[in-house]
Amino acid sequence: MTTRKKEKKFAKKLLHKYRLVVLNEDTFEERFAIKLTRLNVFVIVSLSTILLVAATTFLIAFTPLREFIPGYSSAKLKKQATELSFKTDSLQKIIDVNDKYFNSIKRVLSGDVKTVEFNKDSILNAANEESGQLTVRPTKQDSILREKVDKEDKYNLFESAIYASNFVLFPPVNGTISEGYNVKEKHYAVDIIVAKNTPVKATADGTVIFAEWTTETGYVVIIEHSYEMISVYKHNASLTKEQGDIVKAGEVIALAGNSGEYTTGPHLHFELWSKGYPINPTNFIDFK
C-alpha cells in the first residue's frame, strides 16, 4: 500500500501543472504564459539534448568545421602529409642507392673486394640486352623531334660512329708493364713504367667522380664510364681535372709521377672495374 501511494504521489508530481508567466516589470502586464508539467519539461530537455548532440556530430563528421576542433587535421594537411611521405620514401631510396655507390667507390680505393672473371663479349652482350629491354612508347612530339634530328644527322658519320666506339678503350699511357694484374696478391691493376710528368689520358668518355690526394696512392683520378665501368689512375704527380668534369677518350687528366707511400718509382697504377668488380685491363687495352 505504501509503495502504491508513493508511485501515485510521484506520478501526480510529474503531471502537476505549472504556469510560466512573463510580466512587464513596470506595468505587471502579462506578456507570455505557458502551462507546463515536470514531465513536459523533462521530455523537452531530453529531446533538445538529443538534437544538439546529433547536430554537433553531423557538423563534425560531414562539414569543414571539424578542422577548427583541436585534434582534427584538415584535408590539406593530410594531403601534404601524404606527399611528404612519398617524398621521404623516394629520398630514402636515393640515399640507399648513393650509399651503395659510395661504398663501391671505397671498395675501388681500398681494393677489398671479391673477384669475378669478366670477358669483353659478356659485357657487350649484357649492354645489348639492357638496351633491348627498353620499351618506351614515343609520343607524337617525340616522334617529330626524332625525325628532325635524324634528318640533320643523316650524313654526320662522326656522330653515327660514336655509339659503336663506346666500348673501345684507349691506353692511358704507353710503356712497359712492371707488375701485372694478380688476383692472388690482390693487385687488381697493371703498373706501367713511364717517365715523370708523362700525360695520363682518359681510357674512354666519362665523368670524373674522384680527383683527390690520398696518403697511400698519391694523386688519384677515378672516372665513371658507360655501362657501369670505372677506371682508376693512381700515383700521379698532379691532376688536370676536378671532380664533376666530363672528359673524352684520350683527353689528358693527369701527369704521371711517383706520389704516395705505395710506390717505388715513376709509374701509372691503372685499374678497370665493371659493376663493382675488378677486371684485367690487358684483356681490353694494349699498353705497348
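Thr-207 sits across from Ile-246 of β9. That contact belongs to an antiparallel pairing in which two bridges join strand β6 (residues 206-214) to strand β9 (residues 246-247). Strands here are DSSP runs of E with at least two residues, helices are runs of H or I with at least four, and both are numbered from the N terminus. Strands count as paired if DSSP finds at least two bridges between them.

β6 also pairs with strand β7 (residues 218-224), again antiparallel, over seven bridges. Within β7, Val-220 is the bridge partner of Glu-212, and a hairpin of three residues takes the chain from β6 to β7.

## Ground rules

This is a predicted model, so local features need pLDDT of at least 70 and side-chain atom pairs count only at pLDDT 80 or more, while totals for chains, interfaces and linings use all residues. Residues are numbered from 1 along each chain as its sequence is written, and side-chain values use heavy atoms, leaving out hydrogens and water.

## Salt bridges

The whole structure holds three salt bridges, each defined as a side-chain nitrogen of Lys or Arg within 4 Å of a carboxyl oxygen of Asp or Glu. For exposure, buried means under 20% relative accessible area, exposed means over 50%, and partly exposed is in between (1.4 Å probe, protein chains only).

Lys-93 is exposed at 53%, and Asp-89 is partly exposed at 42%. Another joins Lys-234 and Glu-271, with the closest N and O atoms 3.1 Å apart. Lys-234 is in strand β8 (residues 229-239) and Glu-271 in strand β11 (residues 267-274), so this pair ties together parts 37 residues apart in sequence. Both Lys-234 and Glu-271 are buried. Glu-251 and Lys-241 also form a salt bridge, at 2.5 Å, N to O.

## A nonpolar patch

Leu-15, Leu-39, Phe-42, Val-43, Leu-47 and Ile-50 make a nonpolar surface patch of about 590 Å². Patch residues have over 30% relative accessible area and no salt bridge; nonpolar side chains (Val, Leu, Ile, Met, Phe, Trp, Tyr) are joined within 5 Å, like charges within 9 Å. Areas come from the Shrake-Rupley method with a 1.4 Å probe, and for residues only the protein chains shown count as cover.

Helix α2 (residues 38-62) gives the most to this patch, with five residues. Ile-50 lies in helix α2 and is exposed, with a relative accessible area of 55%.
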